[in-house]
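Please keep the sequence and the structure in view while reading.

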Amino acid sequence: MDCSEFSWKLKDHPKLPKGKTVGLIVLDGWGEANPDQYNCIHVAQTPAMDSLKQGAPDRWRLVRAHGKAVGLPTEDDMGNSEVGHNALGAGRIYVQGAKLVDLALASGKIFEGEGFKYIKESFKAGTLHLIGLLSDGGVHSRIDQLLLLLKGASEHGAKRIRVHILTDGRDVLDGSSIGFVETLEEELAHLREKGVDAQVASGGGRMYVTMDRYENDWDVVKRGWYAQVLGEAPYKFKNAVEAVKKLREETKANDQYLPPFVIVDENGKPVGPIEDGDAVVTFNFRADRMVMIAKVLEYEDFDKFDRVRFPKIRYAGMLQYDGELKLPSHYLVSPPDIERERMHKSRLSIAFDEYDWNPKSIQFGYFNPEMEEYVEIPSDSGITFNVKPNMKALEIAEKARDAILGGKFHQVRVNLPNSDMVGHTGDIEATIVACKAADDGVKMILDAIEQVGGIYVVTADHGNAEDMVKRDKSGKPLLDKKGNIQILTSHTLQPVPIAIGGPGLVPGVRFCNDVPNGGLANVAATVMNLHGFAAPSDYEPTLIEVNDN
């Protein structure tokens, strides 16, 4: 049976009945790679996931979770939770953040839109400030987009520009920040040759300065505010290259955790604090770590920390970071217009607050508050995730189990973030523990599905923990100058698993073989089928078929 036969417009599926509880589990950062000592998923004890892979070959497969399969520009672009979850929920491949920005920059439309016209009003008398992650990782931002934005802004009237950099070392190799700063400084020098007063004004590591999320630690944002707006930081330097090199050497901090610094002139005065009349752009395209700074820049009523002063500025995000809060109110690139289908099924979504199921950048709220419920489990604050790699997997799984056994919901969706969040720390031993904890959570949820005669779908949103080492072109681990392996903390380009099963699954349901390049966007139609519905014809095709024999 060809999978395209399932593509009807929300009518009953001819062979799959309604009424079974569906448990949808998403493992964050759980890809599939060759087994070795740096594959934490392989090394960890993961009997639940192993049983899915080994128990029913026609109900386990891999799907693509990066590049064009999730709406990113190229096959070299790593997936992430935001684009992955959008693809999982939308059922169609939409142009996502990075590619939206690429298209807007390539066409020049970014400089013709209302957002740019808004900030341009400050160019004549004020300074344009650009705040964001200086990296080519492609998860939160890209340096080539920043350089194009600098060039375009200068050509459209910006005469004084200050860049407030956040060093990465998380989505890219630790230590690469020096090269990125050198590249930026070269471009700023070119602008100065053309008569534009362009300099780096401040900086700091992304996990210590500015880029907190979900209101875990407002002190992170406060450090950025004091450096970027007040020109105050514990470290002062004459240029950004010197700042990064010396801070890495003197503090022994990696790129992620560099302390805040400001650039000062020959008199020791900060070269670029944000003042009344200035324009500010946060140039990250990914939303989650920009929402908090957007609130500080935009909200007049704010009580999370003492801002000391609140300059009257024109602020725009690269995109709108929170569609529900309409934050920021001005942005340079419009978000994708994602349509969603109503399934008229009650559902519960459970997530750790570090990774919401429904990314805040395209948060539409409830379809029907009487039939839906969202639950967030608070994270541990003030610690790095490798300190407690179990995180809140048990609490999340218990909530899901209780919801499934309670019988109130037709669908229970769960996000288990351990393998990704701990994988980002680069701590291999802790990531192994994290993978086991996530697997324990999967086991608890699958047991509940078994008890109610339901159906499970287990998948992931992108890779991470399956490969924790930087490799050369032949696949061998790269070593640093001291002979130590170079740890990989970023997402990967690996595919992710998807498994289906449970006592409620109709005999004969299996993965079909005519969608070999299936990706996360194919999961929505698959889940609709398992609920007893045929998916809309414009969805990516389902991954399953019913074998009548």
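A pocket, as the word is used here, is an open set of grid points with protein on both sides within 12 Å along at least five of seven lines, and its lining residues are those with an atom within 4 Å of a point. The model is a predicted one, and its chain is divided into domain 1 (25–95 + 339–546) and domain 2 (98–333).

**Domain arrangement**

- Taken over C-alpha atoms, the centres of domain 1 and domain 2 are separated by 32 Å.
- To the contact between the two domains, domain 1 contributes 27 residues and domain 2 likewise contributes 27 residues.

**The largest pocket**

- The largest pocket holds about 1,000 Å³ of space, and its lining is made up of 39 residues, with Asp174, Asn254, Gln256, Tyr257 and Thr425 lying nearest its centre.
- When the lining of the largest pocket is divided by class, 11 residues are nonpolar, 15 are polar and 13 are charged.
- Because domain 1 (25–95 + 339–546) and domain 2 (98–333) both give residues to this lining, the largest pocket lies between them.

**The second largest pocket**

- The second largest pocket holds about 460 Å³ of space, and among the 19 residues that line it, Lys470, Leu488, Ser490, His491 and Leu493 are the closest to its centre.
- The lining of the second largest pocket comprises 6 nonpolar, 5 polar and 8 charged residues.
- The second largest pocket also lies between domain 1 (25–95 + 339–546) and domain 2 (98–333), because both domains give residues to its lining.

**Packing of helices H11 and H13**

- The axes of helix H11 (residues 393–406) and helix H13 (residues 428–452) come within 9 Å and cross at roughly 5 degrees; since angles under 35 degrees count as roughly parallel, H11 and H13 are therefore roughly parallel to each other.
- On the H11 side, the residues that make the contact include Ala393, Leu394, Ala397 and Ile404, while those on the H13 side include Ala437, Gly441, Met444 and Ile445.
- Taken by class, the contact of H11 with H13 has 12 nonpolar, 2 polar and 2 charged residues.

**Backbone details in loops**

- The peptide bond that runs from Leu327 to Pro328 is cis, with omega near -10 degrees, and Pro328 is located in the loop between strand S9 (314–317) and strand S10 (347–352).
- Val308, a residue other than glycine, has a positive phi, near 70 degrees, and Val308 is located in the loop between helix H10 (291–298) and S9.

Technical notes
Residues are numbered from 1 along each chain as its sequence is written. This is a predicted model: local features need pLDDT of at least 70, side-chain atom pairs count only at pLDDT 80 or more; totals for chains, interfaces and linings use all residues. Side-chain values use heavy atoms; hydrogens and water are left out. On a 1 Å grid over the protein atoms alone, a cavity is a set of points where a 1.4 Å probe fits but cannot get out, and a pocket is an open set with protein on both sides within 12 Å along at least five of seven lines; lining residues have an atom within 4 Å of a point. Grid points are joined across faces, edges and corners, and a volume is the space filled by probe spheres set on the points. Ala, Val, Leu, Ile, Met, Phe, Trp, Tyr, Cys and Pro count as nonpolar, Asp, Glu, Lys and Arg as charged, and the others, Gly among them, as polar. Domain bounds come from an automatic or database domain assignment. Axes are lines fitted to C-alpha atoms, for helices over the stretch in contact, and angles run from 0 to 180 degrees between N-to-C directions. Helices (H or I, at least four residues) and strands (E, at least two) are DSSP runs, numbered from the N terminus. Angles under 35 degrees count as roughly parallel, over 145 as roughly antiparallel, 65 to 115 as roughly perpendicular and the rest as oblique. Contact means heavy atoms within 4.5 Å.
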